[in-house]
Amino acid sequence: MATVSLTGASKEDAATVFGVLRTAFPTDRPADDVPQEQPGDNSVVWTAEFEPTPEWIPTDPMPLEGSVSATLQGGYVAVDQLFEALSTAFAVDHWGAASGDQEKEVDLRLGTKQ
């Protein structure tokens with residue numbers, strides 16, 4: 001399993017990113033679960049877990065209204081597979097990474113492919 005956390009995104013953009021990943025990989029979220037905004041001025045973080053597999057379904061490029069910050073966290077292979085799936089659908093800027101013995105964390109900025 002790998003965790004994907006999204007920030008700085010509209011609920012529509014979060015739904016688009018999670019939709020791409022849901023098409024590619026099994027997730028802990030039901031198909032009808034969509035991001036919801038909360039009242040107030042707090043920053044919103046949307047999180048879901050995915051089970052990346054060697055065989056996944058790629059999607060066509062998908063438009064986003066704005067940019068989305070994404071953090072991928074999990075095992076090396078799982079994070080790499082999530083990154084690859086996101087790269088097929090979005091323009092991806094790599095912000096940074098932290099690696100440990102068994103897991104890594106990657107920070108990305110997602111946008112619409114030109």
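# Notebook: sheet, helices and core

Strands pair here if DSSP finds at least two bridges between them. Helices (H or I, at least four residues) and strands (E, at least two) are DSSP runs, numbered from the N terminus. The model is predicted: local features need pLDDT of at least 70, side-chain atom pairs count only at pLDDT 80 or more, and totals for chains, interfaces and linings use all residues. Residues are numbered from 1 along each chain as its sequence is written, and side-chain values use heavy atoms, with hydrogens and water left out.

**Entry: the sheet**

Ala2 stands opposite Phe50 of E2. Next I followed E1 to its other partner. E1 and E3 also pair antiparallel, over six bridges. Val4 has Leu72 of E3 as its bridge partner. Thr7 has Ser69 of E3. I then moved on to E3 and E5, which run antiparallel and are joined by eight bridges. There, Gln73 is partnered by Glu105 of E5.

What is the strand order of the open sheet? I read it as E2-E1-E3-E5-E4, five strands with antiparallel pairing. E2 and E4 are the edge strands, and each pairs on one side only. From one strand to the next, the twist averages 20°. Axes are lines fitted to C-alpha atoms, for helices over the stretch in contact, and angles run from 0 to 180 degrees between N-to-C directions.

I checked the two faces of E2 (residues 45-50). Trp46, Ala48 and Phe50 are on the covered face. Val45, Thr47 and Glu49 are on the uncovered one.

**Entry: helix H1**

H1 (11-24) packs on the sheet and touches E1, E2, E3 and E5. Contact means heavy atoms within 4.5 Å. The direction of H1 makes about 5° with that of E2. I compared its length with expectation. H1 has 14 residues and reaches 20 Å from its first C-alpha to its last, close to the 20 Å expected at 1.5 Å a residue. The expected span is 1.5 Å times one less than the number of residues.

Which residues of H1 are buried? I list Asp13, Ala14, Thr16, Val17, Phe18, Val20, Leu21 and Ala24. Buried means under 20% relative accessible area, exposed over 50%, and partly exposed in between (1.4 Å probe, protein chains only). These buried residues pack against E1, E2, E3, H2 and E5.

**Entry: helix H2**

H2 (residues 76-89) has 14 residues, which should span 20 Å at 1.5 Å a residue. I find its end C-alpha atoms 21 Å apart, which agrees. Its buried residues are Ala78, Val79, Gln81, Leu82, Ala85, Leu86 and Ala89. Seen down the axis of H2, they fall within an arc of 160°, so they line one face of the helix. The arc is that of the directions from the helix axis to the C-beta atoms.

I then asked what this face meets. The buried residues of H2 pack against E1, H1, E2, E3 (68-75), E4 (91-99) and E5 (103-111). H2 lies across E1, E2, E3, E4 and E5, running at about 150° to E3.

**Entry: the core**

The largest nonpolar core has 29 residues. Such a core is a set of buried Ala, Val, Leu, Ile, Met, Phe, Trp, Tyr and Cys residues joined through side-chain atoms within 4.5 Å. Which members touch the most others? They are Val17, Leu21 and Leu110. E1, H1, E2, E3, H2 and E5 each supply at least two residues of this core.

I listed the contacts of Val17. Leaving out residues up to four places away in sequence, Val17 touches Leu6, Leu64, Val68, Leu86, Phe90 and Leu110.

Val92 is in strand E4. I find Val92 partly exposed, with a relative accessible area of 24%. Residues up to four places away in sequence aside, Val92 touches Phe83, Leu86, Ser87, Leu108, Arg109 and Leu110.

Met1 is in the segment before E1. Met1 is partly exposed, at 48% relative accessible area. I noted its contacts: Met1 touches Glu49, Phe50, Glu51, Gly74 and Gly75, not counting residues up to four places away in sequence. Met1 and Ala78 are 77 residues apart along the chain, yet their C-alpha atoms are separated by 6.9 Å.
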